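Please keep the sequence and the model in view while reading.

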Amino acid sequence: MPTLVLKFKEESKGEYSLTRGDSLTIGRKSSNTVVIDNMAVSGTHAKVDALEEGYLLTDLKSKNGTFVNGKIISSHWLQKGEVITIGKHQLVFEAAAGEDIPSPQEDTSDKTMVMDTNAYREMVDSSPPGAAPQTAKKEKLGILSFLKGGDGEVELVKKLTKIGKDDINEIVVSGLLVGKLAATVSRRPNGYYLNYVDGMAKPKVNGKAVKTSVLLKEFDKIEVGSATLEFIMKS
């Protein structure tokens with residue numbers, strides 16, 4: 001099972017397992033899986049989703065950015081030995097010998113130029129905010145259209161669209177038992193998946209609770225907290 005090893009000045013501060021189907025959050029708040037008590041770290045800074053096709057690191061609109069091997073990222077598929085830098089701490093992505101880690105094709109729109117890892121402050125100050133991945137060719141795009149609890153529609157242009165009570169989410173909903181990050185919609189080569197993340201109230205698709213993840217079909221009705229959304233595809 002892959003792990004993230006938290007380090008500060010080369011000293012190990014903890015080890016965290018990544019179980020397939022689960023998510024791990026990183027940040028300054030005590031509610032995170034990996035807590036980094038440092039003012040350079042945002043309350044909820046980044047997260048790792050252990051998906052079928054790999055381990056996806058996503059920056060959650062943090063103030064000072066998330067870096068992998070010296071590159072600022074908005075999202076990135078992790079590979080063995082890669083080093084995540086958050087504030088002055090590092091997280092090393094490790095896997096057992098012979099353990100296969102999927103390697104999905106990276107979306108180059110997430111990449112920026114490589115910085116000198118010794119000039120972290122310059123890297124933070126000069127890096128622009130992460131932009132959403134853009135579709136490389138004309139194809140059908142997934143849309144979540146509000147039927148209840150909101151207005152308009154949300155285009156699923158990112159690899160991961162977040163739904164929950166916290167303002168970091170692209171779709172903000174309310175509900176007593178809904179998680180701060182309740183669910184995500186991941187854009188994969190074979191379609192869009194709704195993934196349950198956190199909260200006592202699980203999201204539902206067509207009235208059925210989602211325990212891990214489900215492949216969305218056009219016109220599926222999604223319920224998360226106060227919101228009901230319809231999944232549609234547009235050219």
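A salt bridge is a side-chain nitrogen of Lys or Arg within 4 Å of a carboxyl oxygen of Asp or Glu. By this rule the structure has six salt bridges. The model is a predicted one, in which local features need pLDDT of at least 70 and side-chain atom pairs count only at pLDDT 80 or more, whereas totals for chains, interfaces and linings use all residues. Residues are numbered from 1 along each chain as its sequence is written, and side-chain values use heavy atoms, with hydrogens and water left out.

A residue is called buried under 20% relative accessible area, exposed over 50%, and partly exposed in between (1.4 Å probe, protein chains only). K47 and D49 are joined by a salt bridge of 2.5 Å, N to O. K47 is buried, at a relative accessible area of 0%, and D49 is likewise buried, at 2%. The bridge between K13 and E11 spans 3.6 Å, N to O; here K13 is partly exposed at 45%, and E11 is partly exposed at 48%. In the bridge of K221 with E230, the closest N and O atoms are 3.2 Å apart. K221 is partly exposed at 33%, while E230 is buried at 17%.

Aromatic contacts come next. A pair of aromatic rings is described by the distance of the centres and the angle of the planes. Rings of Phe, Tyr and Trp (its six-membered ring) pair if their centres lie within 6.5 Å; planes under 30 degrees apart count as stacked, over 60 as edge-to-face and the rest as tilted. The structure holds two such pairs. Because the planes of Y55 and F93 stand at 50 degrees, with the ring centres 5.6 Å apart, this pair is tilted. Y55 belongs to strand 6 (residues 54-59) and F93 to strand 11 (residues 89-94), so the pair links distant parts of the chain, 38 residues apart. Strands (E, at least two residues) are DSSP runs, numbered from the N terminus. Y55 and F93 are both buried.

The other pair, Y192 with F231, is also tilted, at 5.6 Å centre to centre and 55 degrees between the planes. Y192 lies in strand 17 (residues 191-196) and F231 in strand 22 (residues 227-234), so the contact ties together parts that are 39 residues apart in sequence. Both residues of this pair, Y192 and F231, are buried.

Two strands pair if DSSP finds at least two bridges between them. Strand 16 (residues 183-188) runs antiparallel to strand 17 and is joined to strand 17 by six bridges; a hairpin through two residues connects strand 16 to strand 17. Strand 17 also pairs with strand 20 (residues 213-215) in the antiparallel sense, over three bridges. Y193 in strand 17 stands opposite S186 and also opposite L215 in strand 20. The charged end of R188 sits over the ring of Y193, 3.9 Å from the ring centre; the criterion is NZ of Lys or CZ of Arg within 6 Å of the ring centre and within 35 degrees of the ring normal.

Conventions
Helix = DSSP H or I, 4+ residues; strand = E, 2+ residues; numbered from the N terminus.
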